[in-house]
Amino acid sequence: MPPRRARPSETKYYDPSDSEDIPFAPPPPPKKPRKVNPDGRKPGRRPKVPYLDAEMKVAIKAVLKASELCQSVFKALVTEETLTKKDKSPVTVADFGAQAIVNALLSSSFPEDPIVGEEDSKDLHADHSMRDRVLELVNSVQESPMTADQMTKFIDLGNYAGGAEGRFWTLDPIDGTKGFLRGEQFAVCLALVNNGKVELGVIGCPNLPVDLSKPEGERGCLFIATRGYGAFTRSFASETLTKIKTTNVKNANETVFCESVEAGHTSQSESAQIAQMLHISGDSVRMDSQCKYGVVARGDAGIYLRLPVSDTYEEKIWDHAGGMLIVQEAGGIVTDIDGKPLDFSVGRTLKSNKGVVATSKAIHEEVLNAVRTVLKRPFPSESGGSEEDEDEAEDAEDAEEAEESGSQSV
Ligand SMILES: Nc1ncnc2c1ncn2[C@@H]1O[C@H](COP(=O)(O)O)[C@@H](OP(=O)(O)O)[C@H]1O
Ligand SMILES: [Mg+2]
């Protein structure tokens with residue numbers, strides 16, 4: 001039946017002064033006009049258009065090509081014999097080859113950009129047979145072959161000193177050389193730094209399972225992040241990007257921590273004490289290379305600790321730039337063991353920092369306090385400094401923006 005229409009005598013005409021029974025809602029105050037930029041975004045926000053899109057595409061191509069080269073070196077050159085003799089030549093060949101490939105691609109697309117790379121060609125000038133092996137390999141994956149002279153010049157483009165001004169790339173052609181030789185984890189790591197801030201990070205992990213709970217399943221993962229736009233992963237085989245997030249646990253003992261396989265790169269005895277203090281019962285996940293940042297970013301582990309074993313060692317920027325950004329953009333926090341942000345503006349090393357504490361957001365303070373206690377580092381009130389400096393606040397804002405922004409296609 002259709003609803004009964006009110007007869008004219010039943011219709012109420014509202015006069016606010018004549019009855020208290022009739023609910024009266026004052027009209028809402030006029031809305032303040034929202035400040036927006038001409039393209040609709042809030043002031044200070046980055047445009048929701050692909051940011052550093054061209055750079056990202058070239059970085060992905062370079063990392064995939066270099067990864068391919070490393071995998072073919074492994075298949076051809078890493079044998080029982082090289083392993084028992086502790087012969088490092090396969091990693092040397094792959095290191096130089098991967099740096100030549102990546103630098104050649106970067107310099108053809110962004111000829112103005114300097115590069116901070118791990119390798120230089122000095123050793124190749126002294127060993128021509130090694131140089132020729134590297135050249136053969138490089139040309140097997142290059143579209144247009146290069147000469148030995150061109151190849152050494154490409155390798156040496158990586159000699160830039162870094163610093164606070166302008167933009168530059170930083171490259172670790174094989175991070176986790178020891179893992180590479182063992183047939184375990186290693187990574188090709190590339191990042192773009194602008195005015196001391198990491199803006200883009202791409203890490204290729206050829207041996208990392210796409211799903212860590214299926215170690216025998218598909219391997220080969222890329223991790224990709226641009227500052228302010230979130231972190232993504234994809235497999236080597238597929239171009240589909242998946243947004244990644246760090247774990248959302250509230251307490252450190254609900255997650256696992258990862259660290260280097262090499263006791264010479266991190267203090268494993270102190271990390272065990274920290275784990276005990278945090279009531280983390282499981283064993284640590286030991287893994288070589290920046291793959292550790294990747295597993296924290298996608299929530300497989302909640303914590304990555306790198307605890308100094310020497311007073312004089314300075315961490316290298318190429319060992320952390322991409323990984324740090326990927327974890328931050330996935331919602332995590334990355335500091336050194338004193339809670340300071342990693343400073344990429346001071347040259348080829350992180351000389352203003354000591355160690356690394358990378359975790360999901362909610363547990364960072366808890367983990368950092370345990371690190372400070374075990375390593376006997378000063379707490380902020382003792383040192384007089386504030387943990388949250390301007391940079392950290394800015395990074396947090398960028399991560400928030402990433403949260404709001406949607407997915408990005410490559
Ligand atoms: N004493 C030390 N403390 C910390 N890191 C060190 C170190 N000596 C070497 N490294 C770095 O540790 C990196 C490997 O990291 P991880 O142990 O996490 O796999 C090495 O990168 P390469 O393998 O590219 O040389 C190297 O730069
Ligand atoms: Mg390295």
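Cys258 stands opposite Val285, a residue of strand S9. Strands here are DSSP runs of E with at least two residues, helices are runs of H or I with at least four, and both are numbered from the N terminus. Strand S8, residues 257–259, and S9 pair in the parallel sense over 2 bridges. Two strands count as paired if DSSP finds at least two bridges between them.

Before going on, the source. This is a predicted model, where local features need pLDDT of at least 70, side-chain atom pairs count only at pLDDT 80 or more, and totals for chains, interfaces and linings use all residues. Residues are numbered from 1 along each chain as its sequence is written, and chains are lettered from A and ligands numbered from 1 in the order in which they are written.

Back to the sheet. S8 and S9 belong to an open sheet of 5 strands, with mixed pairing and the order S9-S8-S10-S12-S11. Strand S9 (285–286) and strand S11 (332–335) have a single partner strand each, so one side of each is left without a neighbour in the sheet. Helix H10 lies across S11 and strand S12 (356–360), and runs at about 145° to S11. For such angles, axes are lines fitted to C-alpha atoms, for helices over the stretch in contact, and the angles run from 0 to 180 degrees between N-to-C directions.

There is another open sheet, with 7 strands in the order S1-S2-S3-S4-S5-S6-S7 and mixed pairing. Its edge strands are S1 (115–117) and S7 (242–243), each pairing on one side only. Strand S6, residues 231–235, pairs with S7 in the antiparallel sense over 2 bridges. Phe232 has Lys243 in S7 as its bridge partner.

Which strands does helix H3 touch? Helix H3, residues 89–109, packs on this sheet and touches S1, S2 and strand S3 (187–194), with a direction at about 155° to that of S2. Helix H10, residues 321–329, also packs on the sheet, touching S2, S3, strand S4 (197–209), strand S5 (219–226) and S6. The direction of H10 makes about 95° with that of S4.

H3 also meets a helix. The axes of H3 and helix H6 (residues 148–156) come within 8 Å and cross at roughly 80°. That makes H3 roughly perpendicular to H6, a term for angles of 65 to 115 degrees. From H3, the residues are Phe96, Gln99, Ala100, Asn103, Ala104 and Ser107, and they meet Met151, Phe154 and Ile155 in H6. Contact means C-beta atoms, placed from the backbone, within 7 Å. This contact has 6 nonpolar, 3 polar and no charged residues. In this scheme Ala, Val, Leu, Ile, Met, Phe, Trp, Tyr, Cys and Pro are nonpolar, Asp, Glu, Lys and Arg are charged, and the others, Gly among them, are polar.

Next, the domains. The protein is divided into domain 1 (53–243) and domain 2 (252–400), with bounds from an automatic or database domain assignment. Their centres, taken over C-alpha atoms, are 24 Å apart. In contact are 37 residues of domain 1 and 28 residues of domain 2. On the domain 1 side, S2, H7, S3, S4, S5 and S6 give two or more residues each. The largest share, 6 residues, comes from S4. By class, that side has 20 nonpolar, 11 polar and 6 charged residues.

Last, where does ligand 1 lie? Both domains give residues to its shell, so ligand 1 lies between them. Of the 18 residues around ligand 1, the nearest are Gly176, Thr177, Ser260, His265 and Asp288. A residue is near if its C-beta atom, placed from the backbone, lies within 6 Å. Strand S2 (167–175) and helix H7 (177–182) each supply at least two shell residues, and the largest share, 3 residues, comes from S2. The shell divides into 3 nonpolar, 8 polar and 7 charged residues.

Definitions and conventions
Two residues are in contact if their C-beta atoms, placed from the backbone, lie within 7 Å. Angles under 35 degrees count as roughly parallel, over 145 as roughly antiparallel, 65 to 115 as roughly perpendicular and the rest as oblique.
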